[in-house]
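Subject: Structure handover

Dear colleague,

Here is the structure I said I would pass on. My notes on it follow below.

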Amino acid sequence: MVLLSTFLSVLTLNSAQAKSDNFSTQQLTDVEQIKQQALTSDLAWDLVESLTTEVGPRMPGTPGDKAGVAWAVAKFNAMGFDKVWTEPATFPKWIRYSESAAVISPSPQKLHITALGNSISTPKEGIQAEVIEFQTLDELESAPENAAKGKIVFINYQMNRDRDGNGYGPAVQARSRGAVVAAQKGAVGYVMRSVSTAHHRFAHTGGSHYKEGVTKIVSSAISNADADQLHRLVALGEPVTININVQAQSMGEGTSYNVIGEFTGSEFSQEHVLIGGHLDSWDLGTGALDDGAGVAITMAAAKLAHSKGKTKRSIRVVLFAAEEFGLWGAKAYVKANEKNLKHIVAAAESDFGADKIWAIESNVDASALPVVRDIAKAMASLNVEHIGKNTARGGPDLIPFRPFNIPAFRLAQDGTDYFNYHHTADDTLDKIDPEKLRQNVATYAVFAYMAANAKTRILGK
């Protein structure tokens, strides 16, 4: 059976791959076998099931976060990684206690609400005021001074749905800065339509920020269904009064840890492929899609890429800390490893759920484009297309790496449904399709193996 499998794998190699200047015929055969192993392996599923069940939510600074770090160290060691270590990362610690909201008049009813990260508390009885609605953050910014004096600002911006998630950037601006702009206009509270494409009645949390010198007001989000209801009430033309009650606390500086596992290369051990995700999550769900899946995909991919023996270059998996609070783990990693960032030959982060990967895009020196094309050819049988723009930005945790011009890649997952669940209580294991998860692992394993073994080192531009 092994000989037959090898024979069939060789047959699948097309003539272009067989003539590659960057990979031997044996390496290309290994790639096909790694793909087949990944497509039948439940390793990633077992990992994400364990993380979301045995640990659960992992908000930075909570017991779940601490348990997640211990879980990752134990799993890396159990999987046989050559090196396993942690590096500290500090962040501004924040915790929620409770949250509720309701329409007081003209028609009393509950609203499904969540505090946005870093929000202050309301008084114990909440705040109660008339709502003033704006469709966009730009509209609020353009409003006259004191336009919202004594009121609760409601931004009702609805993000668009697309597989590449392009609606997130515009929508998230209101989450990040909305409370500041609302306060500048005289508001006593802030609520927004969730950054979401969902029809369910879950509110979506996420990070928000305050500005020095601007009064801090409560920052919150309501479910899309409740946003629609609030909009209809305002449209009736009568004053709409709501109560928001959030109890939360900023608790100074917290510390968590990046967890790192590495399979050491046989020839150029300092040079390494860097893949990973972020280990933390929000507290509402169990962080299955964001980002338990990314953790499991990259850990499993590294293990499978190593299944044919040591690669020429090392394969390093970094599970970043405190991403949800502002990329604090990634910033700490860059600061601690600045002198060694030049040794990264390829970097990609999985942080967009667990739907199928549909494209690969690079951001590399022109000399490395033939290697990228070979990698893309190997992924074609996984229904992954090559985006030839060579302008990839990488995942969120790679943002602090950008000034160092590392060779960055985007292995683009289909995000059509991702923002249905993102940052909600509905981000749970049942949203992950095991077959799609295996395709992700196969794609990342091919990427890691080929980038680590390429005859020509991949350089950044």
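The charged end of Lys-331 is placed over the ring of Trp-328, at 4.2 Å from the ring's centre. There is another contact of this kind, in which Arg-163 lies over the face of Trp-358, 3.5 Å from the ring centre. Please bear in mind that this is a predicted model.

Aromatic pairs

The count of aromatic pairs comes to 12. One of them is formed by Tyr-168 and Phe-419, whose ring centres are 4.8 Å apart. Tyr-168 belongs to helix H7 (residues 168-184) and Phe-419 to helix H12 (residues 418-421), so the pair ties together parts that are 251 residues apart in sequence. Tyr-168 is partly exposed, at 22% relative accessible area, whereas Phe-419 is buried, at 4%. Tyr-168 and Phe-419 also belong to one aromatic cluster with Phe-352 and Tyr-418.

Strands

Strand S11 (residues 344-349) has six of its six residues buried, so S11 is largely enclosed by the rest of the structure. S11 pairs with strand S9 (residues 268-278) in the parallel sense, over five bridges. In this pairing, Ala-347 of S11 stands opposite Leu-274.

Gly-189 in S6 is the bridge partner of Ile-152.

Helix packing

Helix H3 (residues 25-39) and helix H13 (residues 434-453) have axes that come within 8 Å and cross at roughly 155 degrees. An angle over 145 degrees counts as roughly antiparallel, so that is how H3 runs relative to H13. The crossing of H3 and H13 is right-handed.

Helix H4 (residues 43-55) packs against helix H9 (residues 288-305) at an angle of about 140 degrees, the axes being 8 Å apart. H4 and H9 are therefore oblique to each other. Their crossing is right-handed. Ser-50 is found in H4 and is buried, with a relative accessible area of 5%. The C-alpha atoms of Ser-50 and Gly-292 are 9.7 Å apart, while the two residues are separated by 242 residues in sequence.

Backbone points to check by eye

Where are the cis peptide bonds in my notes? One joins Ser-105 and Pro-106, with omega at about 15 degrees. Pro-106 is in the loop between strand S1 (83-105) and strand S2 (109-111). Another runs from Asp-290 to Asp-291, with omega near 5 degrees, and Asp-291 is found in helix H9.

Asn-118 has a phi of about 85 degrees. Asn-118 lies in the loop between strand S3 (113-115) and strand S4 (127-134) and is partly exposed, at 28% relative accessible area. His-423 has a phi of about 65 degrees. The place of His-423 is in the loop between H12 and H13, where His-423 counts as buried at 5% relative accessibility.

Regards

Methods:
Residues numbered from 1 in each chain as written. Predicted model: local features only at pLDDT ≥ 70, side-chain atom pairs only at ≥ 80, totals over all residues. Heavy atoms only, no water. Phe/Tyr/Trp six-rings, centres within 6.5 Å; stacked < 30°, edge-to-face > 60°. Helix = DSSP H or I, 4+ residues; strand = E, 2+ residues; numbered from the N terminus. Buried < 20%, exposed > 50% of the residue type's maximum accessible area, 1.4 Å probe, protein only. Lys NZ or Arg CZ within 6 Å of the ring centre and 35° of its normal. Pairing = 2+ DSSP bridges. Axes fitted to C-alpha atoms, helices over the stretch in contact; angles between N-to-C directions. Parallel < 35°, antiparallel > 145°, perpendicular 65-115°, else oblique. Left-handed = near helix turned anticlockwise from the far one by under 90°.
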